[in-house]
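Have a look at it first, and then we can go through it part by part.

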Amino acid sequence: MSTSDSRVSAAVVPPVELEEADAGGRRRLGEQWARLPLAWRRADAGLVAATQWTLCLVGVLFAAMITLEVVSRYVFSFSIYFVNAAARLLLVWFFMLGAGIALRHGAHVGFELLTAALPPRARRVVELVALVAVAVFCIEMIYAGLHAMGPAWAQSEPGLGISLGWPVLAIPVGFAFLLYHAMVMMWLRLRADAA
Amino acid sequence: MTLAVIGLIFFATIVIGVPIAFGMGLAGSTWILFFQGMEPTILARRFYYALNSFPLLAIPLFIMLGILADRARLLPHLVVWLQMILGRLRGGMAYINVVSAMLFAGISGTAVSDIASLGRTLIQLMTRAGYPMTYSAALTSATSIIGPIIPPSVAMIIYALAVGNVSVGAMFAAGAIPGVLFGVGFLVMAFVTTRRGRYGVVQPWPTSRDFFRQTLRVIPLLALPVIIAGGIFSGVFTVTESAAVGVAYTVIVGLCSKPRLRWKDVYDATLYSAVVSAVAGMLLGAGAIVSWILTYNRVTQDLADLLLSLSVGPIGYMLIVVVVLLILGMLMDAVPIMIALAPLLAPIAKQYGISDVHFGLVFVVTCLIGLVTPPVGIILFMTSSITGVKLEPLSLAVFPFVVWMTIVVILMVFFPPLTLWLPKLIGL
């Protein structure tokens, strides 16, 4: 009995803390804040925290809504018609707000073999140019998104009975946040050069 | 001509390390806005409609589910239970690794979350039981590829959405047999290696009371794949609904089990899911812009005509695709490859008369092999950073597994029933 008990307890590995797997992301944010000026650091940490809490809320909300709809459909034979459209609206916001945080975590996948092989100075320049390219795309999407807003406000989202503007708004807003995060990264890149 | 310019912008941005979604997006949006002077609304609408999709919701939900199943202590219980059954055998831990990856594959949908949640636990267990670190890390990297092949699979959802008009349910069913083939091959390889290397410590049988108790603990986890796969294949749920129900179920089980699931666990799981799925979302949005441009310019059709004029048969075409994907897989991550190439290559396969599901499976599985092939393989990177094993020895140790995976893909090309038999059987 005692032998088997000790074996089992030795085998029960505590669940892997997400910090371990996600350390890159969180450590990265910490390093970024350490190098920002104090006022900016506070504002930025506030923005990131607010975005992350919103993401958590949105994620829980759509998971709960879809589950409730399934339960209601099978248990009460009553389909909640707006869940599909509402969950899709939340999803667009979830992706667009998540994309900015992902940029700060360094999670967007790119091809880093060639830049990694460059000498440090050239590498920093190339990284800065890459961030400029990211920013240009964001500006193009903000411009296109704002253009799309006019017609979108006039249209209605058929599943929800609200204006299509609300979900489409995620595009310009999300890319504006992305642009902000790209500029933070650029600033940090430039400071690293000056240092 | 202008198309050459967007190709150039795309390659230039990729080479300097711009994230692929942004490089594709920059090339596509610059072409629409500046070279064509089209209405900017088109651009925003393309992006918006790519993200505003109910099937796409399954991606964040399955990622949440994988993390929550770990935090609710379901995975550690599973591993201990398997250890009680397989610990008697030499190489038992290696078999546990493969079998738990196959069982967990029925819950999580991504290889990356497999490594993040289950992978670390397994590597710890194996090294503690006396297996060499490099072998443990390599085996775990290889088995994490089973996750996205056995249903559910985020990779297949992404493929189906990128291509359009492919049934996710049918692809899921089609993945089951290749996934099991991967697993069985890995078991045989583990048998040979652990025997030859005399790895691991053989463990005594558990008492029947311990075993009974552990079995009770593991039942809630074993019910999950039944709920998810059963729900999808019987038509009770859509794929997205099954993921949401799985999340709700895991949270309820987590709240009832002894170290209770905390709010922080839910927060971590959703945040992690947001970051990982937003990356896929950006790729899908940018990919939708580019694939619209390619269709608009008849590039897809021209390429199809060219390939058809070369008179390679359907099998020749698929083998060419496999080789190209294996090479690209060494350099790029799986999702960007799927989003950039699947909308281009799948319609051509259709013109050859290859079934959507068959081609899709070969495509997705080949891309997934790229996750463990050097120099760029996200799973290799993650395993290496978790274990501290350097990339070179890890890549060498993974190589035999890559060979087996490639053999399975070639078998899939030559024997379509490997993929098509099961979906037909359950009427998808």
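In chain A, the side chains of A:R189 and A:E127 come together in a salt bridge, with N and O 2.5 Å apart. What you're looking at is a predicted model, so keep that in mind as you read the distances. A:R189 sits in helix 8 (residues 170–194) of chain A and A:E127 in helix 6 (residues 120–154) of chain A, so this pair ties together parts that are 62 residues apart in sequence. As for A:E127, it is partly exposed, with a relative accessible area of 23%.

## Chain A at a glance

Which secondary structure elements make up chain A? There are eight helices and two strands. Follow the sequence and the pattern goes α-α-α-α-α-α-β-β-α-α.

Chain A has 195 residues, and 46% of them count as buried. Now take the contacts in chain A between residues at least 6 apart in sequence: 70% of them join residues at least 24 apart.

## A leucine in the loop

The loop between strand 1 (156–157) and strand 2 (162–163) of chain A is where you'll find A:L160. Is A:L160 buried or partly exposed? Its relative accessible area is 27%, so A:L160 counts as partly exposed.

Leave out the neighbours within four places in sequence, and A:L160 is in contact with A:F82, A:A85, A:A86 and A:L89. Compare that with A:I139: it is 21 residues from A:L160 in sequence, and the two C-alpha atoms are 30 Å apart in space.

## Where the chains meet

How many residues of each chain take part in the contact between chain B and chain A? On the chain B side there are 86, and they are in contact with 79 residues of chain A. The area buried between the two chains is about 7,100 Å², and carbon and sulfur atoms give 73% of it. B:F22, B:Y48 and B:Y267 supply 9% of the area that chain B buries against chain A, more than any other three residues.

There is one salt bridge between chain B and chain A. B:E241 makes it with A:R73, and the closest N and O atoms are 2.9 Å apart. Helix 13 of chain B provides the largest share of the side of chain B that touches chain A, with 17 residues. Nine residue pairs across the interface are in polar contact.

## A:R73 has another partner

A:R73 also meets A:E69 in a salt bridge, at 3.1 Å from N to O. Both residues belong to helix 3 (residues 38–75) of chain A, and they are four residues apart, about one turn of the helix.

## A network in chain B

Search the whole structure and you get 10 salt bridges over all chains. One of the pairs in chain B is B:R71 and B:D265, whose side chains meet at 2.4 Å, N to O. B:R71 is in helix 4 (residues 58–71) of chain B and B:D265 is in helix 13 of chain B, so this is a link between distant parts of the chain, 194 residues apart. Both B:R71 and B:D265 are buried. Salt bridges with shared partners join B:R71, B:R262, B:K264, B:D265 and B:D268 into one network.

In soluble globular proteins, nonpolar side chains tend to be buried together. The largest nonpolar core here has 213 residues, and the ones with the most contacts inside it are A:F62, A:F175, B:F47, B:Y317, B:F359 and B:F363. Helix 13 (residues 263–296) of chain B gives the most to this core, with 19 residues.

What does B:F47 touch, not counting residues up to four places away in sequence? In chain A, B:F47 touches A:M96, A:F137, A:M141, A:I171 and A:F175. In chain B, B:F47 touches B:M282, B:G285, B:A286 and B:I289.

## A buried threonine

One last stop is B:T140, in helix 8 (residues 133–144) of chain B. B:T140 has a relative accessibility of 2%, so it counts as buried. Beyond its neighbours within four places in sequence, B:T140 is in contact with B:N97, B:I115, B:G119 and B:I123.

Note on methods: Residues are numbered from 1 along each chain as its sequence is written. Chains are lettered from A and ligands numbered from 1 in the order in which they are written. This is a predicted model: local features need pLDDT of at least 70, side-chain atom pairs count only at pLDDT 80 or more; totals for chains, interfaces and linings use all residues. Side-chain values use heavy atoms; hydrogens and water are left out. A nonpolar core is a set of buried Ala, Val, Leu, Ile, Met, Phe, Trp, Tyr and Cys residues joined through side-chain atoms within 4.5 Å. Buried means under 20% relative accessible area, exposed over 50%, partly exposed in between (1.4 Å probe, protein chains only). Contact means heavy atoms within 4.5 Å. Buried area is the accessible area (1.4 Å probe) that two parts lose on being put together, summed over both. A salt bridge is a side-chain nitrogen of Lys or Arg within 4 Å of a carboxyl oxygen of Asp or Glu. A polar contact is a pair of N or O atoms within 3.5 Å; within protein, one must be able to donate a hydrogen and the other to accept it, and residues adjacent in sequence count only if both atoms are side-chain atoms.
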